[in-house]
Amino acid sequence: MAEGGDHENVLPYATPSTSTIKPITLKVFTSDPSVFFEELFETGKVTTAGQIKDVVLSRLQLPSNSDVFSLWLVSKHLQLQLKPYHCPCKLFKRWSELLTQFTTASYEDIEAGDEPVLILQRNAFLRIEEEREMLSRLRRPEIMAVDQIKMVVNLLYCEARDNVIRGRYPMTVDELHMLAGYQAAINVNLPDTATIDNLRPHLPSLYPSHMLDKGVVTRVMGLLFGSSGIGLEDSIVESYKSACRMREGCDPFYLKILYLQLCWSKPFYGSVMFVGQIEPSTRLIHRVAYQDQPITVAINPDCIHLFDAGQPRETLLYLTYDQLSWAFEPCSEEGENFYSCLWVEFDSLIRTPNGEDQRVAKRTQIFSRQAPMMDAMIELCVENINIKEATLRRVKKDQDNASSLPQLPHYVWKCGDQKLKQSQNCKEDKLVCTVISEEGKVIEPVSRLGSLKRYKKPDEAAAQPLVPSDATNCPTPSPEPHSDVQPLSTAFGQTSPLDGAGSVSTTEITPL
């Protein structure tokens, strides 16, 4: 993924009047570093993202109505997915302001220059299921030519590969070896009988940095103590040979499909990554340093994850939208050390003193300057779920034979007792949470927020707090409680923090 300052890009600093519009040259990159375009736009500085995307898709010979990719402005500290009517040149002029408002970049970093570049990347609101089904349809030659299919797969593969190599996706060691083998067979021009001496120079481009550090330690321990354990170098050789056997008699393009298929098996695939921090459960060191624990909040159309910000990443929490309630609380004070917060509430189980499991609600607080963007993206994802479910309900009503209906999404809220997926949240004990019983009794220290928004069915009444509203046992409501799911346009009052001509949608802002 390109970073500001690494590429030449020509972007203006002012908006011309309609009578003095001058053509402008813009350079647009893709997730594949070898594929980029430099185009002249007669509309000058008022050229919209939709116009740029149409030209790039045309150059790639892809359908102009494709929703697989979107145009992004990307720099070291911030990424913005642009809507068709956004003007990248206007956003470029406001970049320092956006960095100050939505990132923790220092004044020195901002002054030194963190200029964005235009990149065609995967649409953040494309569901994993939709991507998989789309590629299944595209493999039919009557829908799209083979070269077009290969271009779509290549761009998706390059982006997924970049996320894996940069450690953004928490994968197991075995999965990383398998993906490294696929990548080596695709990108490294070596014979099938390559040895570790041939592959060793390529290891930094095949593995996340934490795996390389682990590989060095394993190698040193083996030399010192004669360990016979299988290290990274032995594993990559085996994975590479296995991948080479798979590509025999077929196009290497097949390996890119296999790479994507493994990524599709991960619910966090395609997530927008936000930076945040939480109060750590272990307070000894942090009490002295007065520091919260940094985390990454990963949000996609299907679910939300909380990752430890360290490497390798550790999943602290995984919730689909039917399993959570949420609320955004703006910062009450101004200053670089004061952040807005996102409250997340979810069902869980705790062990009582007599050894029984008790069903409770847990509520945790995420501090971040990007909290309003997290709230808005969740808002839009839930809105899309409601729209899709409403469509399925209309189909169900119109169909005579219910057996022919499409299956409802797995995230539809079901009445009654839902099965808890505690095994997916085995690290949630690392979160500091307010714990509330089903009766509304506070078991652990209470938070300040009273009511949260919850995903609801389209025909359901205004969503209620997951925890019963009991004035005696429940937290005091915040000054502006979110007791129902508001439309996206009113999520922050009458206007969004970035509303206005050429502004960026807050649902589509994420740091690198």
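I start with one side chain. Phe 36 has a relative accessibility of 42%, so it counts as partly exposed. A pair of aromatic rings is described by the distance of the centres and the angle of the planes. That is the reason for quoting two numbers.

Please keep in mind that this is a predicted model. The average pLDDT of the chain is 75, and 70% of the residues score at least 70. Where is confidence lowest and where is it highest? The lowest mean, 35, belongs to strand β15, residues 509-510, and the highest, 96, to strand β5, residues 117-122. Over residues 217-229 the pLDDT stays under 50, and the model gives that stretch seven contacts beyond four places in sequence. Residues 446-450 also have a pLDDT below 50, and this stretch has 25 contacts beyond near neighbours in sequence. Where pLDDT is low, the predicted coordinates should not be read in detail.

Now the chain as a whole. It has 512 residues, and 51% of them count as buried. There are 13 helices and 15 strands. Among contacts with a separation of 6 or more, 68% are between residues 24 or more positions apart. The chain exposes about 25000 Å², and carbon and sulfur atoms supply 51% of that area.

Back to the rings. The structure holds five aromatic pairs. Another of them is Tyr 169 with Phe 268, also tilted, at 5.5 Å centre to centre and 45° between the planes. Tyr 169 sits in the loop between α6 and α7, and Phe 268 in the loop between α11 and β6, so the pair ties together parts that are 99 residues apart in sequence. Tyr 169 is buried at 4% relative accessible area, and Phe 268 is buried at 5%. Ring pairs join Tyr 169, Phe 268, Tyr 269 and Phe 307 into a cluster.

Next, helix α1. Which of its residues are buried? They are Ala 49, Gly 50, Ile 52, Lys 53, Val 56 and Leu 57. Looking down the axis of α1, these buried residues fall within an arc of 160°, so they line one face of the helix. What do they pack against? The answer is β1, β2, β3, α2 and β5.

After α1 comes Gln 61, with a positive phi near 60°. Gln 61 is not a glycine, and its place is the loop between α1 and β3. Its relative accessibility is 55%, so it counts as exposed. Most residues other than glycine have a negative phi, and most peptide bonds are trans. Pro 312 lies in the loop between β8 and β9.

Now charges. Side chains of opposite charge can pair when their charged atoms come close. How many salt bridges does the structure hold? There are 14. One of them joins Arg 59 and Glu 39, with the closest N and O atoms 1.9 Å apart. Arg 59 is in helix α1 and Glu 39 in strand β2, so the pair ties together parts 20 residues apart in sequence. Arg 59 is partly exposed at 45% relative accessibility, whereas Glu 39 is buried at 16%.

Glu 345 and Arg 363 form another, at 2.4 Å from N to O. Glu 345 belongs to strand β11 and Arg 363 to strand β12, so this bridge ties together parts 18 residues apart in sequence. Both residues are buried. Glu 131 and Arg 122 form a salt bridge at 2.6 Å, and both of these are buried as well. Finally, Arg 127, Glu 129 and Asp 302 are linked in a network of salt bridges.

One last residue. Gln 183 is in helix α7. Is it buried or exposed? Gln 183 is buried, with a relative accessible area of 5%. Beyond its neighbours within four places in sequence, Gln 183 has contacts that include Tyr 157, Arg 161, Ser 205 and Tyr 259.

That is all I have.

Methods:
Residues numbered from 1 in each chain as written. Predicted model: local features only at pLDDT ≥ 70, side-chain atom pairs only at ≥ 80, totals over all residues. Heavy atoms only, no water. Helix = DSSP H or I, 4+ residues; strand = E, 2+ residues; numbered from the N terminus. Buried < 20%, exposed > 50% of the residue type's maximum accessible area, 1.4 Å probe, protein only. Contact = heavy atoms within 4.5 Å. Areas by Shrake-Rupley, 256 points an atom, 1.4 Å probe, with all protein chains shown as cover. Salt bridge = Lys/Arg side-chain N within 4 Å of Asp/Glu carboxyl O. pLDDT = per-residue confidence, 0-100. Arc of directions from axis to C-beta. Phe/Tyr/Trp six-rings, centres within 6.5 Å; stacked < 30°, edge-to-face > 60°.
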